[in-house]
Structures are given as structure tokens and as C-alpha cells.
Amino acid sequence: MSSVAVTAQTAGRGAARAAAKRRNRGSRATRSAQRRPGWLTYTLLGVALLISIFPLYFTLLLGSSDPVTIAKNAVPQWLPDASLFQQFATVIESTRINFWKALTNSVIISVITSLSVVLFSTLAGYSFAKLRFRGRGPLLVFVIATMAVPTQLGVIPMYILMTDLGWIGKLQAVIVPALVTAFGVFWMTQYLSEALPYELIEAARVDGASMIRTFWSVALPAARPAAAMLGLFTFVQQWTNFFWPSIVLNSENPTLPLVVQSLQANFFVDYSLVMAGIFLVTLPLLVIFAFVGKQLVAGIMAGAVKG
């Protein structure tokens, strides 16, 4: 047998073994995809769901109770009753707080900061992930290192700055410091470094697209799943933010967390009223998750498959 025939026979055997390995991997992947979760998985998920829902359920029970029942540490009913809606009306129509003003302020702050963080973080993430410039690595390390600095350390200098600008009691005192975050830059940098191939950027440049056009038409669509999650995280963070707004805002221009705090600012705390206010503050977030949660998960999975 000639050496050419031996070589051909060896190559054929190698190709056959490689094809068999690919078929085995494909069959294992198919079996894994078709395998359904067992009862243990559903049990653990059900327990986790119950633990997550219980605080909200207990809030509704306390909101539909009366102060005497709460003072006795007893919640007799197992389901909220119609008095809960009366408590909602009391919170909304209370003369001690301005609920609708607080709701409007919370919406303005949360929407503006979410859009700003997504835009600037995507720009910075695209620059750090796909552009080559001097000092890129040390600058990214510096941005990430700022996440280790406690927010409380910057309160006094920030308050002095807001006082000099005349922004105390105004919404821009809350919006401007939150226009971009180090976490958002890190999040988008990590995502774009894996989800956006250099070939797409090079193809756009070959077609004559400018830097901004490349970002808008190529990088921004690729970053959509991560940008959606970042926007949701930022919205929730600003919606529930209490620390900084309590310092720079006042009772004439509050947000929803400050309104809830105002409900207990007296000698006798009506916890049923406070719990009703807490649920009203949480309700918009629940509505958002109910409507966009499925789309966000689908977007994340699509981005993971593409990556």
C-alpha cells in the first residue's frame, strides 16, 4: 500500500471520528434541550416565589387593618378587605402630603436619569470596548474603582455645590448627579466587548459611516438588551431613592419615598396608612415588571445567543 493511500485512509478515519463526535455532541445538546425541569426545580422556584411575595402580601394585610389590631401584633384576616382602598384614598387625598406632586417628581427624575444613564453609559462602554486610545485601560480601572467609594463620602461636597448653584429644593439637584454612573459604564463595556464584533464596525466604516453613525446604527442596536436592563435598574434605583432626595429636597417639592416618610412624621404613627402608602409607591414598579419583564428576558436571551 502506497503512502498516499495510507494518508488518505488515516484522514478518512479522522474525519469519521470527528463527524461522530459532532453527532454525539448534537444528540446530547438535543437531549438537554428537551429535558424538562424536575419536581425539585419547581419546588425550589415555588418556595423562592412565596418568599419574595410574602413581604408585599403582609404589607397589604397591614394596610387593610386598623391601628388597634396592629398594636396588638395581630392580623386576623388572611386576605385584604375593602378598607384597603379607603386607605389608598386617604393617602392620595391627605392634606399633609402632596401625593400627585411627589408622583410627578418621581416620574420625571426616574425617566430622565434612566435615559441619560443608558445613553452616556452606552457611549462610554462602546469607547472602552471597541475604540483604541491612549490611557484606555487605566481610565477604565479608575471608573470602576469609583464604585468602591461610599456615596456618603461625597454628600457634604455635593451639598455645598448644590447650595452654590442655588439648586437646593429643586429637581436638578437630584437629576444632575445621577446622569451617568460607573456601574452603567462597566455594564455596557463588558456587554459590548462580547456582543459587538469588530467586523460590523469595520464594515460600517468601509461603507463610509462616521463614528457617531457607526455608534447609532451598529453599536446601539447591539447593546439594546443590556441597555434595557440598565434602564430598568436605574429607574428602580431612582424611584426608590431616599437618601439624597431627603437631603436636597423639601416638603414642597418631594418624591414618593419622602411622602411615605411624611406619613409617619407625627406623635402617633398609623402603620396601616404607612403600609398603604408603601404599596402605592411599589405599585408602579410592579406594573412595569408585569408589562416589560417578558420582553426584557427575551432580549437578554437573544443577546446571549448572538454573543
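This is a predicted model: local features need pLDDT of at least 70, side-chain atom pairs count only at pLDDT 80 or more; totals for chains, interfaces and linings use all residues.

Me: How do the axes of H5 and H10 lie, roughly parallel or roughly perpendicular?

Reply: Helix H5 covers residues 99-130 and helix H10 covers residues 198-206. Their axes come within 12 Å and cross at roughly 100°. Angles of 65 to 115 degrees count as roughly perpendicular. Therefore H5 and H10 are roughly perpendicular.

Me: Which residues of H5 and H10 make the contact?

Reply: From H10 come Tyr198, Ile201 and Arg205. The residues of this contact include 4 nonpolar, no polar and 2 charged. On the H5 side, the residues are Tyr126, Ala129 and Lys130.

Me: Is Ser110 buried or exposed?

Reply: Ser110 lies in H5. Leaving out residues up to four places away in sequence, Ser110 touches Phe235, Gln238 and Trp239. The cut-off for buried is under 20% relative accessible area. Ser110 has 0% relative accessibility, so Ser110 is buried.

Me: Is Leu115 buried or exposed?

Reply: Leu115 is also a residue of H5. Exposed means over 50% relative accessible area. Leu115 has 61%, so Leu115 counts as exposed.

Me: How many Å apart in space are Leu115 and Gly231, C-alpha to C-alpha?

Reply: In sequence, 116 residues separate Leu115 and Gly231. In space, C-alpha to C-alpha, the distance is 6.8 Å.

Me: Which residues is Lys101 in contact with, leaving aside neighbours within four places in sequence?

Reply: Lys101 sits in H5. Its relative accessible area is 35%, so Lys101 is partly exposed. Lys101 and Val259 are 158 residues apart in sequence, and 9.8 Å apart in space from C-alpha to C-alpha. The contacts of Lys101 are Glu252, Asn253 and Pro254.

Me: How much space lies in the largest cavity?

Reply: A probe the size of a water molecule, rolled over the atoms, shows where empty space is left. The structure has 1 cavity of 30 Å³ or more. The space in the largest cavity is about 40 Å³.

Me: Which elements give two or more residues to the lining of the largest cavity?

Reply: The lining residues are Ser106, Ile109, Gln238, Trp239, Asn241, Pro245, Thr255 and Pro257. By class, 4 are nonpolar, 4 are polar and none are charged. The elements that give two or more of the lining residues are H5 and helix H12 (224-239).

Definitions and conventions:
Residues are numbered from 1 along each chain as its sequence is written. Side-chain values use heavy atoms; hydrogens and water are left out. Axes are lines fitted to C-alpha atoms, for helices over the stretch in contact, and angles run from 0 to 180 degrees between N-to-C directions. Helices (H or I, at least four residues) and strands (E, at least two) are DSSP runs, numbered from the N terminus. Angles under 35 degrees count as roughly parallel, over 145 as roughly antiparallel, 65 to 115 as roughly perpendicular and the rest as oblique. Contact means heavy atoms within 4.5 Å. Ala, Val, Leu, Ile, Met, Phe, Trp, Tyr, Cys and Pro count as nonpolar, Asp, Glu, Lys and Arg as charged, and the others, Gly among them, as polar. Buried means under 20% relative accessible area, exposed over 50%, partly exposed in between (1.4 Å probe, protein chains only). On a 1 Å grid over the protein atoms alone, a cavity is a set of points where a 1.4 Å probe fits but cannot get out, and a pocket is an open set with protein on both sides within 12 Å along at least five of seven lines; lining residues have an atom within 4 Å of a point. Grid points are joined across faces, edges and corners, and a volume is the space filled by probe spheres set on the points.
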